[in-house]
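Me: I want to know what stands behind the terms used for this model. Please set each value against its definition.

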Amino acid sequence: MITLAVAILVVQLIALVVVIVRDTLDPEKEALTMKTFFIGGFILFQSSSGIYTLMSGEYDRVIPGDLGYTGVMFGLISSIFIVLTLAIYKRGWWVSNFAARPTTERTVSDGGLIAIGLVALLTGVLLRDVMGKIPVLGVLTDMLSTGAFCTALAAVGWVWARRPFNFAAITSLVLIGGATVGLILNNTFSRRGLVGAVLATIWAGYFARWRLGYRPVLVLRTVVIGVLGLALVLLQSATRGEKGKGGSLGEYLTAFASVERRDITDAALGMVSGQFAAANSMWLIESVPESFERWPLHSLRYFVTQPIPRIIWAGKPWSLGNEMVLNAGISGVKKDEFSLGAGIVGHLVVDVTLISIPLYAIIIGLALRYMDERVRLHPSNPFIVIPIGAAAAQVLGMPRGELGLFAFNAVAWVTGAVIAVHVAAPAVWRRVDPVDDFDDDHDDGGESSDGQSADAHSDSMVTADSGRR
């Protein structure tokens with residue numbers, strides 16, 4: 001049975017990789033989409049994580065008694081869900097029309113983007129370190145702040161992508177980007193903020209210029225930036241400040257200098273194993289409903305109730321990962337301070353599979369399609385592209401679970417990015433006349449292979465794309 005389970009997941013993994021490669025190399029499709037991030041997260045936290053556990057027998061805190069049967073069920077549930085989600089994404093339905101609603105096209109100079117990056121950085125500090133101290137309200141503004149920090153790095157990343165050898169662009173990326181990374185790391189245990197900033201920068205660079213170039217070169221650029229970002233994430237994972245609980249920037253720098261190879265290896269293993277999200281999902285498959293009760297649409301309820309502080313509503317639902325700690329009898333940790341990554345399949349099982357699979361596939365599929373359709377129609381508008389890019393890390397993390405929390409954080413980060421990007425926007429943006437070449441003050445930012453300016457080429461791609469769908 002274990003062999004059959006592995007076979008199902010291997011076929012699933014290959015099929016998903018084919019989808020990503022096909023979209024990346026097809027010039028008629030966008031190479032970088034929210035669908036790509038979601039599939040990438042699904043591969044990491046479900047497909048490959050399941051294969052890793054089934055073949056190695058390794059797990060984190062919980063493991064099913066019958067890996068064979070449970071592994072097969074895991075493979076079938078995960079396959080049905082991802083196929084249905086991608087089918088709904090392809091259909092699009094009414095969200096495609098909503099994404100195509102009339103919108104004023106705006107552009108901004110490099111100096112304006114640098115100004116937005118600086119203001120976004122200050123906005124993030126205000127939301128987190130000033131308003132974040134306010135009781136009750138501060139919990140929400142702290143979530144919004146990460147979207148602002150992602151905006152700061154994405155804005156200067158946009159400038160650098162357009163003019164990679166320009167001194168001002170390089171300087172702004174180093175100074176504002178470095179400050180952003182430092183502030184994200186300061187007193188932060190979670191890796192999501194850093195991952196979000198890295199992915200938002202790749203997203204901004206892609207739509208600023210890279211999407212117009214040779215696709216293999218795009219892949220190389222993405223890999224280089226991704227590897228550098230991964231190195232930072234590994235270092236953060238290996239240190240997490242003193243006592244592994246996050247710390248000040250000074251504590252991180254001290255820990256970076258003394259980090260051991262074993263710490264890096266353990267952090268890398270945690271990524272390769274997908275943080276054992278698949279093993280946790282398998283445990284839930286085997287435990288529900290005999291020893292772990294079903295909670296109809298728990299993830300949806302957790303998403304809706306997320307903004308309500310627990311100090312106001314003591315009965316607010318706990319995350320599935322927190323409840324797993326209590327139900328599995330894991331000792332030595334506190335329920336409100338430790339949780340397990342249940343995996344998206346685990347959520348589907350607990351939330352009543354026959355209801356949750358179609359409902360969550362519809363919600364996720366249409367949400368991803370809306371974001372991708374919105375930026376496809378406005379690829380050169382940083383005031384649309386950058387805020388949506390702030391959700392990339394949360395979309396990537398959804399398959400790991402906690403599903404409701406990741407979904408809420410995606411909305412919060414996009415909202416924070418919208419706030420940050422629009423604080424300075426009225427002072428620096430300008431409306432684009434549709435009869436003129438888009439963003440004509442950047443024609444030295446990069447030439448396409450046929451001699452057209454990158455921005456003029458971008459306009460032609462938007463027209464072509466709009467005619468195809």
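Me: What makes residues count as lining the second largest pocket, and which lie nearest its centre?
Reply: Lining residues have an atom within 4 Å of a pocket point; a pocket is an open set of points on a 1 Å grid over the protein atoms alone, where a 1.4 Å probe fits, with protein on both sides within 12 Å along at least five of seven lines. Here 32 residues line the pocket, and Ala 367, Met 371, Ala 407, Ala 410 and Val 411 lie nearest its centre. This is a predicted model: local features need pLDDT of at least 70, side-chain atom pairs 80 or more, while totals for chains, interfaces and linings use all residues. Residues are numbered from 1 along each chain, and side-chain values use heavy atoms, without hydrogens and water.

Me: Which helices each supply at least two residues of that lining?
Reply: H13 (298-305), H16 (353-377), H17 (382-389) and H19 (403-423). Helices are DSSP runs (H or I, at least four residues), numbered from the N terminus.

Me: Why is H12 called mostly covered?
Reply: Buried means under 20% relative accessible area with a 1.4 Å probe, protein chains only. In H12 (residues 277-287), 10 of 11 residues are buried, so the helix is mostly covered. Trp 283 and Asn 280 are among them.

Me: What do the buried residues of H12 pack against?
Reply: Helices H2 (34-56), H3 (67-91), H14 (320-327) and H15 (343-350). Contact means heavy atoms within 4.5 Å.

Notes:
Buried < 20%, exposed > 50% of the residue type's maximum accessible area, 1.4 Å probe, protein only.
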